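Here is a short tour of some aromatic contacts and strand pairings. Have the 3D view open as you read.

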Amino acid sequence: MAGFDNPLETWNARFAREDFFFGEEPNAFLRTQAHWLRPRGSVLCVADGEGRNSVWLAEQGFQVAAFDFASNAVAKAKRLAQRRNVSVNHELGDIYTWPWTAERYDAVVAVFIQFLPPDSRDSAFAGMKSAVAPGGLFLLEGYRPEQVDYGTGGPPRREHMYTCEWLESMFSGWELLVLHDYDAVIEEGQAHKGMSALIDLVARKS
């Protein structure tokens, strides 16, 4: 994930803490929707932070690669994988320059990548979609614009959030297995805590 004014400094500072900024437990949406994934398939976790999602997927038997642009986060993710005795290919990388077409995956997972501004979001999503193999999946959880009113996580910028209409347009031509907008309480470390305006997507590439 990234910050705004000085994103690398911002996120390295947040991840410098001893505990985990977003906690060590996997995202609840990912946990409940992982049944869509092909057993032992390949998964790429985008902007994976401290590794809570990638490490959990590896524990379920998937072949997992993950990246984040904050070196502190990647170092913590590697330590978490070692402590949990699983193998994850954790790399330092940026969502804007990642070589999406270098390898294709059975699934791409993007959880709360709300740092993307509208003027660069379409190209970033096009890159992520290109990394999904034919018949593969894109799993996304994010915030809706109403999240700004809750103030329980994410940036205070409505334009960074998602709507069903935008996701339907972005994933036109894909099979939408899940598209659900709702409000729920989430508890993910200190960063995401309280009632939240959520939107979930599971889409299959034609």
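Is Phe-171 buried or exposed? Phe-171 counts as buried because its relative accessibility is 1%; buried means under 20% relative accessible area, exposed over 50%, and partly exposed in between (1.4 Å probe, protein chains only).

## About the model

This is a predicted model, where local features need pLDDT of at least 70, side-chain atom pairs count only at pLDDT 80 or more, and totals for chains, interfaces and linings use all residues. Residues are numbered from 1 along each chain as its sequence is written, and side-chain values use heavy atoms, leaving out hydrogens and water.

Phe-171 forms an edge-to-face pair with Phe-138, at 5.0 Å centre to centre and 65 degrees between the planes. Rings of Phe, Tyr and Trp (its six-membered ring) pair if their centres lie within 6.5 Å; planes under 30 degrees apart are stacked, over 60 edge-to-face, and the rest tilted. Phe-138 is also buried, at 0% relative accessibility.

The charged end of Lys-129 sits over the Phe-171 ring, 5.4 Å from its centre (NZ of Lys or CZ of Arg within 6 Å of the ring centre and within 35 degrees of the ring normal).

## Strand S7

Look next at strand S7 (residues 192-204), where 10 of 13 residues are buried; strands are DSSP runs (E, at least two residues) numbered from the N terminus. S7 pairs with S6 in the antiparallel sense over 13 bridges, where pairing takes at least two DSSP bridges. Val-185 stands opposite Met-195 in S7.

Methods:
Helix = DSSP H or I, 4+ residues; strand = E, 2+ residues; numbered from the N terminus.
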